[in-house]
Amino acid sequence: MAAVLRWFWKHYQYVLAFYFAIEEVNKDSRLLPNTSLGFHVYNAFTSDRYTLWNALFGLSGNTMPVPNYNCQEPGKTLAVLAGTVPAFSAELGTLLELYKIPQVTFGPHDPMLSNKEQLPSLYQVAPKDSFLAHAMTSLLLHFGWTWVAVFTSDDIKGEQFLQDLNAETVRAGICVAFTQKFSATKTMYIVNAITFMTRIPVSSANVHILYGDVGSLLTVDVAAELFLTTGKVWVMAAKRDVVMYEMDHILHSFHGSFSLSRHNREIPGFKRFLKTVDPSHYPEDFYFTKLWMYNFQCLPTGSQCGRGPVCPPNSSLELLSGNFDMMTVSESSYFMYNAVYALAHALHSMLLEESEMGPAGDREPPGLLPWQLHPFLKETQFTNGAGELISFDEERDHGAHYDVQNAVNFPAGLGLMVKVGEFDPTRPLDQALVISEEMIEWPIGFTETPRSVCSQSCGPGSRKTTQEGRPVCCFSCTPCPDRHISNHADAEECILCAAHDYANLERSLCLPKVVTFLAFEDSLGMALACTAVSFSVLTAGVLGLFVKHQDTAVVKANNRTLSYVLLSALLLCFLCSLLFVGRPRSATCTLQQVAFGLGFAVAVSSVLAKTVTVILAFKVTKPGRAAARWLLVSGAMNYIIPICTLVQLVLCGVWLGTAPPFVDTDAHSEQGHVLLLCNKGSAAAFYCVLGYLGALALGSFAVAFLARNLPDAFNEAKFLTFSMLVFCSVWVTFLPVYHSTKGKLMAAVEVFSILASSAGLLGCIFVPKCYIILLRPDKNSLSGLKNRSVSRRNRHSWKSPPTSLP
């Protein structure tokens with residue numbers, strides 16, 4: 001009960017602000033000169049039952065109100081200053097409107113009182129809280145609170161605040177977990193308190209927004225006494241009195257909460273007035289005496305209110321302890337000060353106009369009727385003693401400036417509201433809110449800045465994925481796909497890395513790719529290059545061996561010219577594979593395909609010419625084979641190589657003329673690398689060249705296969721057949737393997753196929769010959785050939801072929 005009395009006694013500061021303003025006006029020689037303001041102070045009860053009675057009592061001045069009759073001294077009430085409860089002001093305004101008596105309210109701005117059709121004679125000193133929702137949203141964003149619960153009064157003001165808050169939170173990406181409205185109906189306090197408090201502990205949000213006028217927030221006060229809630233941060237709007245009242249308890253629900261109140265400038269001289277004022281200054285105000293008796297437990301000097309100890313002469317409102325702070329000027333006290341001055345300025349303008357119209361006869365004072373004050377109130381605009389521009393234009397920009405206060409409780413029920421920051425919308429957007437976090441006292445249960453989110457933050461390397469049917473603040477974290485990154489928390493989308501960049505393993509950074517190719521320094525490139533050089537040296541050695549033994553039977557028996565051509569072609573094939581290793585350049589890209597196509601065209605056509613030569617050599621021994629003998633003797637087989645090579649040369653020319661190979665990059669085949677490679681230019685041309693080689697190889701294989709069973713006296717038909725089988729097998733295998741690899745492995749597969757097929761031709765055709773030349777010289781002579789022919793005639797009934805070929 002004591003706390004309740006303290007709370008209501010705090011309202012007496014409005015009366016003191018009223019006294020202070022009246023005295024200042026009456027002392028000001030420039031404002032209302034030769035005129036003094038008089039007043040009556042009524043303790044009006046906010047009640048549906050007593051509102052009309054209170055109004056009639058004030059208008060008639062009698063304990064039994066008589067409508068349209070004034071029992072007071074001559075002089076009528078020109079205006080009424082109403083309190084902080086909007087419902088009371090609205091009900092009172094309905095009656096005052098009958099007499100066109102202006103009503104000026106000094107409570108917080110309420111949209112219900114702005115209806116000029118119903119309340120044209122009502123004026124609100126307090127400006128709109130246009131930036132309150134924006135200020136709250138900025139505070140939430142500053143601490144990263146995106147999941148909040150909202151508790152508001154169930155009235156027009158609460159509904160308007162919800163609309164403003166929803167607009168700001170949607171724009172800022174903040175979600176409301178739930179909204180709870182509470183009624184200000186007096187008979188429903190306990191029911192409302194139970195409903196109100198049961199939702200708090202089970203709320204998934206750690207931050208709760210509280211908004212409502214003093215009357216509706218009485219539910220909160222009752223609930224706070226019945227239920228102790230911890231682990232929640234409250235963000236409230238300018239309800240210092242409610243917070244301080246509840247903080248009379250050692251443990252309370254609002255410890256560590258935030259209150260946003262409009263920043264009001266200091267009223268010059270008002271604090272000095274509060275320090276010096278006492279009941280002796282206003283003996284007719286018995287409420288002032290009661291306040292003194294209640295707080296100091298003594299009677300003020302000169303009091304006639306019974307017996308008791310007399311207060312010491314140094315008693316002052318400044319000495320009041322605990323949460324009953326009369327020295328901190330409340331928002332409504334500031335508005336009361338402005339309301340008195342607004343009426344004084346309007347009355348001054350009206351009297352000035354009356355005096356300019358000429359003498360008014362015996363009227364004293366001249367023509368003061370309530371309805372005459374309205375046009376002057378509407379036009380009133382002045383700068384108060386605190387330096388703020390005051391007017392009743394609700395559309396004006398007041399430049400709302402809010403103080404952010406933190407509720408701190410100390411033992412023995414001593415609570416303080418500590419200013420920890422401010423919000424000024426006139427500053428740049430990122431500097432509008434300034435907070436001193438080191439000064440903040442958090443609620444019980446928190447050792448650091450609390451978190452209030454629906455879903456935990458998604459770290460770099462992932463993005464937020466909304467959950468169907470839930471608010472946007474509730475999401476899942478999905479890792480970024482390949483080659484995509486997110487370099488900050490809670491990214492909405494992943495960013496695709498540039499073509500020459502790659503994503504690190506954490507998918508948080510795009511790193512430049514390393515340029516790579518099948519280099520000689522690589523182990524694979526070095527192995528292939530060494531193999532190519534080794535086979536080239538080996539081929540050159542075989543060619544040198546054949547030249548050295550060119551007059552021997554083995555070399556002469558199989559057309560040594562074709563052997564020289566074939567060995568030279570194989571040497572070119574081995575060497576052309578080196579063009580595929582090393583940094584690709586335009587020249588090497590062009591040469592590697594041309595050398596490859598022409599080298600193998602010469603090699604395979606040489607094998608074909610050798611095979612045809614063997615077949616013709618056996619056919620000339622049969623009667624009636626003059627044509628075969630002519631072809632053999634004329635050397636027509638030697639034209640096979642130029643013709644076949646010319647066809648391949650034409651194909652290569654068309655390829656180079658239409659879409660030649662060029663240096664290209666591949667940024668996708670290998671993680672973290674940009675591959676330099678030779679683009680074929682025209683895939684169709686490449687496969688035409690390769691297909692033509694395949695056709696030549698199949699033709700050679702078919703011809704060699706037909707000659708495989710001919711008697712062999714240095715006859716290489718079987719070796720040619722086997723060499724073409726190896727050659728075809730290598731290149732048939734090449735195609736699927738080539739297409740299944742990526743990057744520099746494609747070049748490695750092509751080099752391997754060139755080396756393998758060339759080595760197959762070299763080994764299958766020339767190894768047997770080298771064996772005879774080097775290890776069996778007894779067989780590499782004409783006598784040896786004759787001995788083999790005689791032994792073969794003994795086994796066969798037909799004549800063997802000649803032992804020497806051109």
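Which residue forms a disulfide with Cys 454? Cys 474 does, and the sulfur atoms of Cys 454 and Cys 474 are 1.9 Å apart.

## Basis of the values

This is a predicted model, in which local features need pLDDT of at least 70 and side-chain atom pairs count only at pLDDT 80 or more, while totals for chains, interfaces and linings use all residues. Residues are numbered from 1 along each chain as its sequence is written, and side-chain values use heavy atoms, with hydrogens and water left out.

## Disulfides

A disulfide here is a pair of cysteine sulfur atoms within 2.5 Å. Searching the whole structure gives seven disulfides. Helices (H or I, at least four residues) and strands (E, at least two) are DSSP runs, numbered from the N terminus. Buried stands for under 20% relative accessible area, exposed for over 50%, and partly exposed for values in between, with a 1.4 Å probe and protein chains only.

The link of Cys 454 and Cys 474 is right-handed, with 100° about the S-S bond. Cys 454 lies in the loop between strand S13 (433-435) and S14, and Cys 474 in the loop between S14 and S15, so the pair ties together parts that are 20 residues apart in sequence. Cys 454 has a relative accessible area of 21% and is therefore partly exposed. Cys 474, at 0% relative accessibility, counts as buried.

## Two further links

Cys 175 is joined to Cys 473 by a disulfide, with the sulfur atoms 2.2 Å apart. Their link is right-handed, with 90° about the S-S bond. This pair connects distant parts of the chain, 298 residues apart: Cys 175 is in strand S5 (residues 175-182), and Cys 473 is in the loop between strand S14 (462-466) and strand S15 (475-479). Cys 175 and Cys 473 are both buried.

Cys 298 and Cys 311 also form a disulfide, and their sulfur atoms are 1.8 Å apart. The link is right-handed, with 105° about the S-S bond. Cys 298 and Cys 311 each lie in the loop between H11 and H12, so the pair ties together parts that are 13 residues apart in sequence. Both of these cysteines, Cys 298 and Cys 311, are buried.

## Two other cysteines

Cys 644 has a relative accessible area of 11% and is buried. Cys 764 counts as buried because its relative accessibility is 13%.

## Positive phi outside glycine

Gln 297 is not a glycine, yet its phi is positive, at about 55°. Gln 297 lies in the loop between helix H11 (286-296) and helix H12 (331-356). With a relative accessible area of 59%, Gln 297 is exposed.

Asn 34 is not a glycine either, and its phi is positive at about 65°. The loop between helix H2 (12-27) and helix H3 (51-60) holds Asn 34. Asn 34 counts as exposed because its relative accessibility is 86%.

## Helix H2

How far apart are the end C-alpha atoms of H2? They are 23 Å apart, which agrees with the 22 Å that its 16 residues should span at 1.5 Å a residue. The expected span is 1.5 Å times one less than the number of residues in the helix.

H2 is mostly covered, with twelve of its 16 residues buried. Among the buried residues of H2 are Tyr 12, Tyr 14, Phe 18, Tyr 19 and Phe 20. Val 15, Leu 16, Ile 22 and Val 25 are also buried in H2.
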